[in-house]
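Welcome! Let's take a friendly walk through one protein model, stopping at a few spots along the way.

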Amino acid sequence: MTSNGDSPEQLTLLRDTVRKSRTKEPAEITTTLPVARIAVDVSLPHLDRPFDYLVPDDLAAAAQPGARVKVRFAGKDLDGFVLERLDASDHDGKLVRLRKVVSPEQVLTPEIADLCRAVADRYAGVLADVTRLAVPPRHAKVEGESLRCDQPPRPPVSTSRSEWAPYPPGFLDAVARGEAPRAVWTAVPGADWPLAFAQAAAAASGRGALLLAPDARDLERLAAACAEVLGESGFVTLSADLGPTARYRAFLSALHGRARVVIGTRAAAFAPVTDLGLVAMWDDGDESYAEPRAPYPNAREVLLLRAFRQKCAALLGGYARSAEAAAVLESGFAHELIADRKVTRAAAPSVHIAGESDIDLARDPSARAARLPSRAFEIAREGLRTGPVLVQVPRAGYLPSLVCQTCRAPSRCSTCGGTLRRTGGSGPASCSVCGRPAADHRCPECGDTRMRAAVIGARRTAEELGRAFPGIVVRTSGGDNVLDVVPDAPALVVSTPGAEPVAEGGYSAALLLDTWLMLARPDLRAAEEAVRRWFNAAALVRPASAGGMVILVGDPSALPLQAIVRWSPEGYAAREIEERRTARLAPAAKLAELTGPAESVNDLVMRLRDLMPPSAGLEVLGPVDLDDETVRAVVRTPRAHGTTLVRSLKESQSARTTKKNPGTVRIQVDPPSFG
């Protein structure tokens, strides 16, 4: 026995307890704090993952999923979003505490966070870049306003007509039952698509809807239709054109469910719609849907991803049909929504092609002054007796490219199909995609070896028409002066593609001039884009039964022009996707553009070759010099290996940033324009 009466075993146990209490690590005590998983605003590919931070007790209530926070990262205070709260972290090292909750507003909902991750993976980007697109900058004053939904939205207002009557009822009926149908809608000529969109949103069984329009003019028409069908309080408009404060106010209104329907332009693709039941987009082939900031997502792909991940209905509508929409149909992801052929023909104007020969021009001196074939001049004169006549001319500013000297067919590379260009000097033309010289080029249409520049179209068309039609009002629409509506009165409306105003009662006739120039754009999508522009313009003309007529001035044998004559957007899109498949172009193939300094692009291509398996069929085109410091290379694979290509691009970029290699390479997956 010891002097204090304790046994040796008891003393040993007491010493061990004291020693453990003295040596307990502080980190073991701090792990009792909750953990927040944060998406930090860092655009480096090798750091594209969430990081865990400890949440102090005074921030625990505000640091909820979706809230904006400040964290310490690499010696700096950076912004971030809380993705989720955890009881403990699986990180082995010591965690840093959360610095600050910027705002308790949970602006990044779990659905949108999941969507942002999917978009980043789809475009070989990073999450931080996508969240900057999805969540507008904060305005504290707006957060202080009362934006929560205290009253249910105003019930729908009935309308006198249904724009869905010409089409099979299956899609709208399924939406009304709360199901998730997906359709590619080809609208009949003259259809009131804004009203159709509003009626589809009203049919969504009380669920939310997200409706996109390509530009501010179309958005105004959509807003007017939604006000008629849903009431002024039944929807909210979200667009970058609103300005920072108004946009953030509209964003919070959607977030808090003040209205279940959100309409907008490209900026609204990530809108936090409550209980989303329908996403819809008009004219999905419009280039305005392509985001110009990294990782350059297209709003169409964002909506289709939302439809898949959130299990809601999807609708891609338009007078024309894009190759991407045709690919969606071909994949089985969506079904075709189109009116009976007889209904379409009854609603369409009469379409004809006028040859651009000297004989046609010589028939009428006035027609020669206006650079119009005789037949087109006569149609315009006849149309002016009953209403306005639309005259579409290609906009100035297309990049120079080469066309055949004889037939004006676009000159393309025999190896990859890219457009040919001549950068100067007397040397041979070269391909703008793969860079190969085209010294032995021969036109596949007429066999001529001579090429010429595709000059810009008539700059003084309005003045020429004014002289050819004295006493007739001539209005112009384009550039900074875009008209929304023109009255139902005799007038010549000269417009650039995409700026055509709507005529009250429809145009009596339309003249689509210099069609060869639109087809000669240095872009592999030139023909598809021209067809879309022509369908959109022709759809504004009255039906043939009311005297409506469209004249295209160009080569009568050109397939794009023949598609307008037959009024067959679905047939042309099917042909286009088949040609894309043969040429291994998007969307039939997966394609990415790599742009940057030559050394950096070559390094990235080398890493990509090492990562991609031989079975993926990787093909590298270029690089081609864009200027003295920048080159462009194109990489592509069959569509089945697209995921592997995107993942390998991301890994190659991550390896470069990890080693801090010089030079920045821009990666753009499936670019909207390519030539």
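Which strands does helix α8 lie across? Helix α8 (residues 216-230) lies across β7, β8 and β9, and runs at about 160° to β9. Here "lies across" rests on contact, meaning heavy atoms within 4.5 Å. The angle is taken between axes, which are lines fitted to C-alpha atoms (for helices over the stretch in contact), with angles running from 0 to 180 degrees between N-to-C directions. Helices (H or I, at least four residues) and strands (E, at least two) are DSSP runs, numbered from the N terminus.

## Before we go further

This is a predicted model, in which local features need pLDDT of at least 70 and side-chain atom pairs count only at pLDDT 80 or more, while totals for chains, interfaces and linings use all residues. Residues are numbered from 1 along each chain as its sequence is written, and side-chain values use heavy atoms, leaving out hydrogens and water.

## A sheet and its helices

Look for an open sheet of 7 strands in the order β8-β9-β7-β10-β11-β6-β12, with parallel pairing. At its edges are β8 (235-238) and β12 (335-338), each of which pairs on one side only. From one strand to the next, the twist averages 20°. Two strands pair if DSSP finds at least two bridges between them.

Helix α7 (residues 193-202) lies across β6, β7 (208-212), β9 (261-264), β10 (276-282) and β11 (313-318), and runs at about 170° to β10.

The UniProt record, an unreviewed entry, places the feature "binding site" at Cys413, Cys416, Cys431 and Cys434. They span 22 residues in sequence, yet no two of their C-alpha atoms are more than 8.6 Å apart, so they gather at one spot. UniProt positions are given in the numbering used here, feature names are shortened, and annotations may be inferred rather than shown by experiment.

Let's visit two of these cysteines. Cys431 is part of strand β17 (residues 430-431) and is buried, at 1% relative accessibility. Buried means under 20% relative accessible area, exposed means over 50%, and partly exposed is in between (1.4 Å probe, protein chains only). Beyond residues up to four places away in sequence, the contacts of Cys431 include Cys413, Cys416, Arg436 and Val624. Cys434 sits in the loop between β17 and β18 (451-453) and is also buried, with a relative accessible area of 10%.

## A partly exposed arginine

Arg436 is in the loop between β17 and β18. Is Arg436 buried or partly exposed? With a relative accessibility of 40%, Arg436 is partly exposed. Leaving out neighbours within four places in sequence, Arg436 is in contact with Thr415, Ala429, Ser430 and Cys431. Although Arg436 and Leu621 are 185 residues apart along the chain, their C-alpha atoms are separated by 9.7 Å.

How many disulfides does a search of the whole structure find? The search finds 0, where a disulfide is a pair of cysteine sulfur atoms within 2.5 Å. Take Cys404: its closest cysteine sulfur is in Cys446, 3.4 Å away, which is too far for a bond. Cys404 is buried, at 1% relative accessibility, and Cys312 is buried too, with a relative accessible area of 0%.

## A helix under cover

Helix α21 (residues 598-611) has 14 residues and reaches 20 Å from its first C-alpha to its last, close to the 20 Å expected at 1.5 Å a residue. That expected span is 1.5 Å times one less than the number of residues. Among the buried residues of α21 are Ser600, Val601 and Leu604. Their cover includes β25 (589-596), β26 (619-625) and α22 (642-658).

Two peptide bonds to look for are cis: Ala294 to Pro295, with omega near 0°, and Ala586 to Pro587, with omega near 5°. Pro295 is in the loop between β10 and α10 (299-309), while Pro587 is in the loop between α20 (569-583) and β25.

Asp514, though not a glycine, has a positive phi of about 50°. Asp514 lies between β23 (509-512) and α17 (515-519), in a loop, and is buried at 7% relative accessibility.
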